[in-house]
Amino acid sequence: MRIINKVLCFDYDETTVPTSPSLFKFMNDKLGTDVQSGHHDDFVELFGITVEKMFQLFDEFAEKDIMKNVKPYKGMYELFLELKKLGFRIVVTTARPRPTYYKQTRTHMDRFFPGIFGPKDLIMHEYPDETIHKVNKTEMVASVSGGMFIDDSPSKVEEVKNNIPDILVLFKEDKENPIFDINELSEDIIPVKDANDIKKEIFKFFNITEKDKTYDAEARTFTD
């Protein structure tokens, strides 16, 4: 018998859903550019624009709800279902700004992940952008006592691991357009490519096997 009482924190864009194709097309159409890859942390340099212009375009991207029909990465919904059945809570911790992007994000989550997320399972940046208040993923994870954090930003996973060293921290790689040399990550941050990788690392960290069939939600324990 093992006590299992953990919250799993998932970034949304490029971790749970593939945002880049839609976002890059939108940015290129607006700016007359031809940028094909990179992380949104580097958009100012990639597109040659100001920080203010970048956030202006991000707001327009959100308001137009361009992501509304974009499906999650393959296997993510099935993974979330399995984890929920094992008693885990799945929480989205995203840099998307709540003032402009809450309705679109919540609608997308409920559409493509029915039955997964409760009313308090979406944690967003509380400000319109990051010009004054920077996104702090550590605070997001700590606010729900997260036992795992996964993100596609190298700086975010390093930040969380440095501040909450005892949890499982995963770095979501981009299989087609790698933006970062994973060898530069801290040794205790684990790179993963897809839902199967994520499941393997969660099961390993929480010492779960396929033989664990019954979860007692009230006692918060597994029984064989």
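Helix α5 supplies the largest share of the lining of the largest cavity, four residues. Helices (H or I, at least four residues) and strands (E, at least two) are taken as DSSP runs, numbered from the N terminus. The structure is a predicted model, in which local features need pLDDT of at least 70 and side-chain atom pairs count only at pLDDT 80 or more, while totals for chains, interfaces and linings use all residues. Residues are numbered from 1 along each chain as its sequence is written, and side-chain values use heavy atoms, with hydrogens and water left out.

A search of the whole structure finds one cavity of 30 Å³ or more, with a volume of about 30 Å³. On a 1 Å grid over the protein atoms alone, a cavity is a set of points where a 1.4 Å probe fits but cannot get out, and a pocket is an open set with protein on both sides within 12 Å along at least five of seven lines; lining residues have an atom within 4 Å of a point. Grid points are joined across faces, edges and corners, and a volume is the space filled by probe spheres set on the points. The largest cavity is lined by Tyr12, Asp65, Met67, Arg96, Tyr101, Gln104, Thr105 and His108. By class, this lining comprises three nonpolar, three polar and two charged residues, where Ala, Val, Leu, Ile, Met, Phe, Trp, Tyr, Cys and Pro count as nonpolar, Asp, Glu, Lys and Arg as charged, and the others, Gly among them, as polar.

The largest pocket has a volume of about 960 Å³. Its lining is formed by 49 residues, of which His39, His40, Asp41, Phe58 and Ala95 are the closest to the centre. Two or more lining residues come from each of α1 (20-31), α2 (43-47), α3, β2 (89-97), α5 (98-112) and β5 (168-172). Helix α3 gives the most, with seven residues. The lining of this pocket divides into 21 nonpolar, ten polar and 18 charged residues.

The largest nonpolar core contains 47 residues, among which Leu8, Phe10, Met27, Phe80, Ile198 and Ile202 touch the most other members. Helix α3 (residues 51-63) contributes the largest share of this core, six residues. A nonpolar core is here a set of buried Ala, Val, Leu, Ile, Met, Phe, Trp, Tyr and Cys residues joined through side-chain atoms within 4.5 Å; buried means under 20% relative accessible area, exposed over 50%, and partly exposed in between (1.4 Å probe, protein chains only). Beyond its neighbours within four places in sequence, Ile198 is in contact (heavy atoms within 4.5 Å) with Phe10, Met76, Leu79, Ile150, Leu170 and Val192. A second, separate core of 17 residues includes Val7, Ile123, Val141 and Val144.

In helix α7 (residues 154-163), the residues Pro154, Lys156, Val157, Glu158, Val160 and Lys161 are buried. Their cover includes α6 (137-143), β4 (148-151) and β5. Thr138, located in helix α6, is buried at a relative accessible area of 13%. With neighbours within four places in sequence left aside, Thr138 is in contact with Glu159, Val160, Asn163 and Ile164.

Twelve salt bridges are found in a search of the whole structure, a salt bridge being a side-chain nitrogen of Lys or Arg within 4 Å of a carboxyl oxygen of Asp or Glu. Asp121 and Arg89 form one of these, at 2.7 Å from N to O. Because Asp121 lies in the loop between α5 and β3 (122-125) and Arg89 in strand β2, this pair ties together parts that are 32 residues apart in sequence. Asp121 is buried at 7% relative accessibility, whereas Arg89 is partly exposed at 29%. In the salt bridge of Lys193 with Glu173, the closest N and O atoms are 3.4 Å apart. This pair links distant parts of the chain, 20 residues apart, with Lys193 in the loop between β6 (190-192) and α8 (195-205) and Glu173 in the loop between β5 and β6. Lys193 is partly exposed, with a relative accessible area of 38%, while Glu173 is buried at 15%.

Glu60, in helix α3, forms a salt bridge with Lys64, with the closest N and O atoms 3.8 Å apart. Glu60 is buried at 18% relative accessibility, and, neighbours within four places in sequence aside, is in contact with Phe26 and Lys30. Asp11, Lys137 and Asp151 are linked in a network of salt bridges.
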